[in-house]
Amino acid sequence: MHSIPSVRTYVTIWAILTIMTFVTFYVAQIDLGPWNVVVALIIAFFKMMLVVLFFMNVKADSPLTKLFAGAGFFWLILLVGQTLIDYISRSWMPNGKFW
Amino acid sequence: MSTALADPQLTEQPNYLNSEYGWKSWLFTKDHKRIAILYLISITVMFMIGGIFALLIRLELLTPEGDMVNSDTYNKFFTMHGVVMVFFFLIPSIPATLGNFFVPMMIGAKDLAFPRINLLSWYIYIAGAAFALAAIVMGGVDTGWTFYTPFSSTYSNTFVITAAVGVFIAGFSSILTGLNFIVTIHKMRAPGMTWGRLPLFVWANYATSLIQVLGTPVVAITLALVALERAFHIGIFDPAIGGDPILFQHMFWFYSHPAVYIMILPGMGVISELVTCFSRKGIFGYSFIAGSSLGIAIIGFLVWGHHMFVTGMSMYASLYFSFLTMLVAVPSAIKVFNWTATMFRGSISYDTPMLYAFGFIGLFTIGGLTGLFLGTLGIDVHVTDTYFVVAHFHYVMVGGMVLAYMGGVHFWWPKMTGKLYPEGWAKFSALLVFAGFNATFFPQFIAGYLGQPRRYHAYAPEFQVYNVMSTAGATILGLGYLIPLIYLTWSLRYGKPAGNNPWGAKGLEWETTSPPPTYNFEKTPIVTEEAYAYSHQKEIEVG
Amino acid sequence: MADTHAVATEHEHSPHLRHHFDDMAQQFDSATLGMWVFLLTEIMFFGGMFCAYSVYRSMYPEAFASTSQYMNPKFGAFNTAILIVSSLSMALAVRAARLGQRKALQLLLVITMIFGLAFLGVKAFEYHEHWVDMKVPLFAGHWDYSQAPQFARQAQILFCFYFFMTGFHALHMIVGVGLLTTILVMAHKGTFSPEYFTPVEISGLYWHFVDIVWIFLFPLLYLIGHTRQLI
Amino acid sequence: MPFLPVAASSIAPEVDHLFWYLSIVSIIMTALIFLTIFIFAVKYRRRSPNEVPKPIHGSLRLEIAWSVIPFLVMLTFFWWGAEIFFANASPPADAMDVYAVGKQWMWKVQYPEGQREINELHVPIGRPVKVTLASEDVIHSFFIPAFRVKHDVVPGRYDTMWFTATKPGRYHLFCAEYCGTEHSGMVGWVTAMNPSDYENWLTSGGSDGSMAQQGEKLFQQMGCSTCHLLDQQGRCPILRGVYGSRVQLSDGRSVIADDAYIRESILNPNAKIVAGFRPDIMPTFQGQISEEGILQLIVYIKSLAIEGTPSAPNGGTTTAGQPSNAFGPNAGKQ
């Protein structure tokens, strides 16, 4: 059990999250080509970090909790990333040798 | 079984078996040891069901013509054999029985962290098994245990949804067991039980739990999607509207390859216990064996694509997965070498559990090496989907996992029941299992390289000689499983009382009485030395 | 291996301490770690759908973008904001529980639930719109994509995932509201104290997790292709 | 009692050599482990019930040795295996074409020259054969053990595989991916023949004209020819010369008109609209045409070359100009 954050901290985080929601909403109206999804995901990632670190209080929590929270994200990347390896490279054409 | 165990004349000291009586005291128990016994009985039943299907398959394959049953029935046989054995026997086998019983005891805890969740996981398992059995009774499933789309989602006319729901439910039982172990191992260790002193069986179960927690949800959602696709006729994996059947395979194997390690890792943990106990020596390279368990758990998630080299997956993805497959073999090799080195200059006895351990190391070596054939791109193209694959994974699953399970049951039986089993019969059946196993599955390597495809109801006549050998071996193997079932049950009533430590083994579980009291220890133990410190004593006391 | 002496510590026994734990701190740590491990499985559960979604989006970017016509990002953004408020009140509720502020805890739990239900209400309204729009490929009579026939088949996939992902998410919200109701009753009975607030803490973790899932669902489902006129 | 399968293709000996290499390494390893265990078990057997052996904790050097050395050996497996795999990924340019369609539970094979057969495949020796694979329903797998080749046949896309037969004879053809009730009945024979015998076989037996001619017939029957006029702009694009060319689409992208593209355009015409045309003019032919028919149409369209460019009017030595990807682009992708 750790130090208890102030109400002010929570409200600040809430304000940032709300602002980011509007940012992501408006950025989606601007044509950035393939970067739209990248920006959206970066903002979502940032919001997730805020919720995890402050609302879920991982910032003040034990390294073990940090490890488990990180592991979840890491395994998600393994699942999606390794699957996409196949789809991204499927149309590449090998020409006899692999190196 | 419960009535026999609960006979008050059998055991005098207060223990977990005689603390309460009646069926309610079992069905509503929160004691990890009683839940382990519930699991033990349930998975034994499932093993017998799966085994009956296996024997029926082998009988059908005695002749090349499909003359015993029709092809639909045969397809249902191998599907139900796979589903029952994989999801309802192999995956829960060691963690839910031996792990449930001994992980808390080995770390000096009174129980698992969440006893009610532990009981819940058994009920979920039973619910899942009920669905799977319902699918059998209603008419069976014929998709193969892999549920490949679009066959499972569109073309099969059997009870796919029922079976998929059964597997889905059973998955949550597995997840809850894993969750319970992780928390227990992190938070419930006795004073002095540092990570460096954990018995290797606990390490192995920890690594297993990680895979269960991280992998199982993916197969659950994948099978849920298949069931939804079947129910609503939508095309998530249906090529007709742009779905990709290969995506199903990716998502399925994301879990189902690591699931192989869910099955084998706890077995490796058992072997570490057996080899040290029956060599009376500390393990050789403790940190390497412990670390390799974690290594397998992590790298195991990076290799699933080797099931898909001929599916039309990208060449470069094949390259990636093939390379990492070579990498995952390293931690397994480390374990085999370390076990062997542990025996060096030991004091080796030939008690039944050790015979199983010898068998495990040898057969797992063969199973592991043939896995490299399948991870090698050029060879896999020829041997994938043939009996070579069947032989390979039975060498790992039966030659490895089931042998370890039998070894573990024999090792801890005196502790669990307070009874000794007849050693002569046990040794005999261990040899029978070893011989029967090799006779069953070695010929399949040859049949596989010759090109006999798996899941064939009728096959080309030139493969018959190998199939006859296989069927003959399976008969011996079946007998080898039946004998222990008989003498272990017999020992519950007639077996000689076991002392607290009949093997002279190290480990906290051997320091308490047999059978253990309800909360395992009279007083919380304090650990002062590393695991397997056999040499700290002048003499080993047995009994 | 070990001497079996007693651990020479005596605790004041809290009525909430279960027999197999040594002390309250161990019990609390176990419960929160257990919740984190459970959240790992939840991540992977949603992860399976995110994976399939990513693959199909990479295959059919145009078809996926064409669906933006039928998703109202304003509702999505509004719901995101609602969930963030509920997350804030949940975080404050946990804080109140820790400080032993019973009245504040109850009030904040009620606020969290109201916002949670508001979210579900908006979601239900959106589902209704899709039903009217004939954008429900799950039911044969409720699918019509003749506005952009070239994308019809592949847009089905997106809508399937839309309903699965938001549906599973809504299911989690409903479970969350159920959890909070239980917590509210417990709080009302005065179960919690600065020494024992584990159920509030772990329900809070769950609630925030459900919020995080939505934080990703919002841009992935609502904000694709608004810059282009594909239909 | 057969022990090894016949090696009847150009890559079979390579695969066998690699297999022997792995087998020998494995046998040595297994023997080593078995022997060591046996020796230890005998030599260090328990001699008195209470004895306590001296502890040995481990050896970092040994651990490194038995991690690194096996890994290096395994890398040779990987390397050699990958080399064979990649060397055989793409068919040579002069490969002859055969088309095979998997259907519950049979293989339907057709040749550009017009021959069609079921569960039989005739190939000449000494000449690379490229098999284009399609599935009518579920996943099948085209497996010829004697040639050491296998490839899954996934519905909704074309897969290709190739081989060069080296020994005349009759060899098994299996379906290796479980595909339902009569999976084990989905077997056939591959007959490898001397080139002259093969030529005789091709010309013997009546056929309804070459595959391209059959495709042309289908083109008329299905009414394709009413809109896709051959030489002047109709309501739909002209197909002459389209095969292998780059097609500009209405949404600004462009694609190469390969087998997968033509197949998709027949089954899901709205998926890719050629620039300058409207969607929804062409109806879908899903469910109205078999995979075999689609292949005939593709061969026909391939034969409609503009004069002067290489084409394959009678199949045979097709050099459609396309670098064929053994794992062809996924249907609908790009």
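User: What makes up the secondary structure of chain C?

Analyst: Chain C has six helices and one strand. The count rests on DSSP runs, where a helix is H or I over at least four residues, a strand is E over at least two, and numbering goes from the N terminus. In that order the elements of chain C are β-α-α-α-α-α-α. The model is a predicted one: local features need pLDDT of at least 70 and side-chain atom pairs count only at pLDDT 80 or more, while totals for chains, interfaces and linings use all residues. Residues are numbered from 1 along each chain as its sequence is written, with chains lettered from A and ligands numbered from 1 in the order in which they are written.

User: How do you know what confidence the predictor has in chain C?

Analyst: From pLDDT, the predictor's confidence in each residue, from 0 to 100. Chain C averages 88, and 92% of its residues score at least 70. Over residues 1-11 of chain C the value is below 50, and that stretch has 28 contacts in the model beyond near neighbours in sequence. A contact here means that two C-beta atoms, placed from the backbone, lie within 7 Å. For the complex, the predictor gives an ipTM of 0.91 and a pTM of 0.92.

User: How does the radius of gyration of chain C compare with that of a compact globule?

Analyst: The radius is taken over C-alpha atoms, and the globule rule is 2.2 Å times the number of residues to the power 0.38. A compact globule of 231 residues would come out near 17 Å, but chain C has 22 Å. Its C-alpha atoms fill a box of roughly 75 × 50 × 30 Å along the principal axes. Among contacts in chain C with a separation of 6 or more, 77% are between residues 24 or more positions apart.

User: And why is chain A called more spread out than a compact globule?

Analyst: Start with its elements: chain A comes to three helices and zero strands, running α-α-α. Its radius of gyration is 19 Å, well over the 13 Å that the rule gives for 99 residues, so chain A is more spread out than a compact globule. The box around its C-alpha atoms is roughly 65 × 40 × 15 Å along the principal axes. Chain A is divided into domain 1 (1-61) and domain 2 (62-92), with bounds from an automatic or database domain assignment. Their C-alpha centres lie 21 Å apart.

User: What makes Y74(B) count as buried?

Analyst: A residue is buried if 20 or more other C-beta atoms, placed from the backbone, lie within 10 Å of its own, exposed if 12 or fewer, and partly exposed in between. Y74(B) has 24 C-beta neighbours inside 10 Å, so it counts as buried. Y74(B) is in helix α4 (residues 71-106) of chain B. Leaving out residues up to four places away in sequence, Y74(B) touches E60(B), G66(B), V69(B) and H457(B).

User: How do you know which strands pair with β10(D)?

Analyst: Two strands pair if DSSP finds at least two bridges between them. β4 (residues 120-124) of chain D has five bridges to β10(D), in the parallel sense, and β9 (residues 169-175) of chain D has five in the antiparallel sense. T191(D) stands opposite H122(D) and is also the bridge partner of R170(D).

User: What makes up the side of chain D that touches chain B?

Analyst: In this contact, 76 residues of chain D meet 83 residues of chain B. α2(D) gives the most to chain D's side, with 15 residues. By class that side has 46 nonpolar, 18 polar and twelve charged residues. Here Ala, Val, Leu, Ile, Met, Phe, Trp, Tyr, Cys and Pro count as nonpolar, Asp, Glu, Lys and Arg as charged, and the others, Gly among them, as polar.

User: And which element of chain B gives the most to the side that touches chain C?

Analyst: That contact takes 43 residues from chain B and 34 residues from chain C. α8(B) gives the most to chain B's side, with eight residues. The residues on this side divide into 27 nonpolar, eight polar and eight charged.
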